Amino acid sequence: MANRKKVGWYLIFTVPLLLIFTLIVLVPFVIGIYYAFFQWDGIGANPMVFNGLDNFVRLMEDERFLRSAWLTVLFTVLSVITVNAAGLAFALLVTSKLKLANLARTMLFMPYLIGGLILGYIWQFVFLDVFTLIGDVTGLESIFFNWLNNEDFALFALVFVFTWQMAGYVMIVYIAGIQGIPGEVIEAARIDGASGWQRFLRITVPLLMPAFTISLFLTLSYGFKIYDVNLSLTGGGPANATELFAMNIYNEIFGYGNYGYGQAKAIVFFVIIAAITLTQVYITKKKEVEM
Amino acid sequence: MAFNKKFVTGMTFAATISLLAACGGGGDEGGSEGGSGEESEGITIFQTKVEISDQLEAAAEAYTEETGVPVEVIGTTGDDYAQQLQIRLNNGTGPSIMSVQNAEVAERLESYLYDLSGEDFVSNLAPDMGLMLDDKLVGIPYSVEGFGIVYNTEMVDPADIADYDSFVSTLEDFNAEGINGFGLSSEAYFLIGHISNYPFSLQEEPVEFMEQLTNGEVTLTETEEFLRFGEFMEAIRANTPTPLNTTYDTQVGDFAAGQTAMIHQGNWAAGMLEDFEVDFEYAMAPFPLEGNDKLAVGVGSNWAVNAEKDQEEIDAAIEFLDWLHNSETGQRFIVEEFGFIPAMTNIEAGDLDPLSQAVLEASNSGETIPWAHNYYPANVVPNDFTPVAESFFVNEDMTGEELVENLQAAWENAAQ
C-alpha cells in the first residue's frame, strides 16, 4: 500500500515534467538530427533534398564556422577562469566577518537578475561613453577606448560583461559550499599552525570540490551556449570578430537560409558541449573528497 | 494532513490536465488553419514596416467598421520580420497578407505567393512598379521611396557636394570645425546596404551587371564605379567619426540637433525629423559618385497575399487591399497616415515633407537611378557586406580598393 502510494507521488511529479521535456526538448532534438542530413532552406513548401553526410563534411571546411568555434573556445576558457575566480573571491569575501557582508552579497548577485539582452545594451553604453570618457580624462587611451569597435578587444568585452553577470551566480554556489565546511576542521588546522593560505588550499579547496563541479559545469555550458549578451553587446561584430557558436548557427539558418546545414552545425555543437562538460564533471567528481 | 495531500494531488492533476488541454487546443488551431473555414471570417496582416504599425491598425479598425470583416495586425519589430514570417508560415499560423521585400525574397517564398495579375485594382499600378515573379504579379508596392544625401541647407550648399573633389573638401572643412560632415549609422542597410547601391545602379544595365558578377564575367575591382566608390568611402572614413558608434536614432538625432551636416538617409527619415521639430530647412541631394546627379528611387516593400490560405480568406485579403488602394478612406490612410508616396496612379500624393517631395519630383520626371539592392543575393547586406564594412571602418589601413575586393568576395560567398 505504502509502496503504491509512493509510485503515485512519483508519477505526479515526474510525468508532467517528462511530458514537457519530451515535447519541447527530445522531439525537436530528434527532428533536428533528421534535418541535418538534408539541404533545405527552412521553408515548409520548398523541397528538401537528402544529401547524406555532405553537411558535416562541408562544415569541416567552413572557415567562418571554424573561426567561430575557436572564438567560442577562447571565450569559454577565459570566462570560466574569470567567472570562477571572481565568484570564489566574492564568496570568500562575503563569508568573512565583513560588516557589510549581507549587503555585498545582495549587490554582487544583482547583475544576474538583469536579463542578458538588457545587460548587453547597458554595457554598450558603458563602453561607448564611459570608457571613452575615462580615456579622455586620464589619458590612458590605449586601455580605455570603445572595446566594441576593436576586433581583438570586442571578445574581451564580451568576457568582461559575462563575468560581471555570472560571477554573482556562482558566488552563491560557493557560499553554500563554504558554509557547509565544518568550523572545527578549520579550527583544528589553525591550532596545528596552518597559515591562512594553507587552510584555504588544503582544507577549503578540497572540501569545496562539489561546488567546483557545479560551478565549472554551469559556466562551461553557459559559456558555450551564450547568445543573448553576444547579440545585444556586439551583434557578432565588428566584422564577425565575436560571432560565437550559437550566433553562427542562427545566422546560418535564418541569415543564409541553410536550415539543414545549420542543423548539422547545431548537432556538432551539441556533441562538443556534451563531451567537454561530461569530461569536466567526471574529472572534478573524482577530486571530490568524502568528509 | 490527509486533506492537504489530497489537495496537492488534485491541484497537480488539474494543472497537468489544463496544460495538456492547452497543448491540444494550440494544435487544433494550427491544424484547422489550412482547411476548415473557422478562420476565414477574418484576415491577418503581418508586415515589416514598423513606422506604420499603429496607423495600419487604425486602418484595420476603420475597415472592420465599414465592412464588418475583422482584421488582425500582427506586431513586428522590423528586424526579425523575415525569421518570424518563416516560422509562422511553417507552423501554419501564417498571415493572409504579408510583406515581401523584393524579387529575391519572392523567389524563396514562391509557393506562398498568390498571383494577383488578374485583379481589378492592380490596373492602377504605376508602370514597372509591381513585384513580378516570372509572368505573375505577386506583390503590390507599398510606396515609392528614395534615398540620397540628406543635408542641412543652412550648412551645405548642394553645389559643394556635386562631385568627388568638392564633396571631400566639404567633409574636410566640417572635420576642421568639429562637425560631423557625413553621417552613416551602424545598422546593416544604413552602414553599407543603401550606399553600396550607387556603383551598381550607375551601371548601364544594373541587373544584367549583377548577373554577370554572379557568373564571374565581371569583377568589381575592374569596374571604374567601384574603385571610385572605394575612394569615397576612404574620404568618409578619414573625415568623419566612425559610424559604428551610431544608431539610426542618433544619426538622425544628431542631424536634427545640427551636429551633423549631412546624413545618408531616405525620405522615411522625415517623420523623425518632423517629430524633432527641427528649426532649419533640409533637403535631399544625389550622392555624387562619378558625377551622379540622380536620387536612388525604388520600392521598399510589397503587399502579398498568402496563397496557402483557403479561397475565402484569399478573397477577403484581396478585398482589403482593394479597399486600401481604391476607397477614399483607404487612400487617405496611405497618403496622410502612412505618409507614403503612392505607387498607384489613381492616388494623389498629399502634402509631402521636403524629402518625400524631392523623391516624388525625381520619380515623376524619371531622373532616378534604380535600387540595385533589391536584386542583390538574398540577405547579402546583413550577412556579408556588413562585416566587410565594419572591418573597413575599424581598420584605418584598409584601402578603398581592398574594401571593393572584399565586397567582391562577399558577393561570391552569398551568390554561390
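A residue counts as buried if 20 or more other C-beta atoms, placed from the backbone, lie within 10 Å of its own. Helices (H or I, at least four residues) and strands (E, at least two) are DSSP runs numbered from the N terminus. The model is predicted: local features need pLDDT of at least 70, side-chain atom pairs count only at pLDDT 80 or more, and totals for chains, interfaces and linings use all residues. Residues are numbered from 1 along each chain as its sequence is written, while chains are lettered from A and ligands numbered from 1 in the order in which they are written.

**View 1. Strand 5 of chain B is mostly covered.** Of the six residues in this strand (residues 136-141), five are buried.

**View 2. Strand 4 and strand 5 of chain B form a hairpin.** Strand 4 (residues 131-133) runs antiparallel to strand 5, and three bridges join them; strands pair if DSSP finds at least two bridges between them. B:Leu133 lies opposite B:Lys136 of strand 5. Two residues separate the strands, and B:Asp134 has a positive phi near 55 degrees.

**View 3. Strand 5 of chain B is also joined to strand 10 of chain B.** Two bridges link strand 5 to strand 10 (residues 302-305), and the strands run antiparallel. B:Pro141 has B:Asn302 of strand 10 as its bridge partner.

**View 4. Chain B touches chain A.** Here 23 residues of chain B are in contact with 22 residues of chain A, contact meaning C-beta atoms, placed from the backbone, within 7 Å. Helix 1 (2-32), helix 3 (81-90) and helix 15 (380-394) of chain B each give two or more residues to this side of chain B. Helix 15 gives the most, with six residues.

Notes
Contact = placed C-beta atoms within 7 Å. Buried ≥ 20, exposed ≤ 12 C-beta atoms within 10 Å, placed from the backbone.
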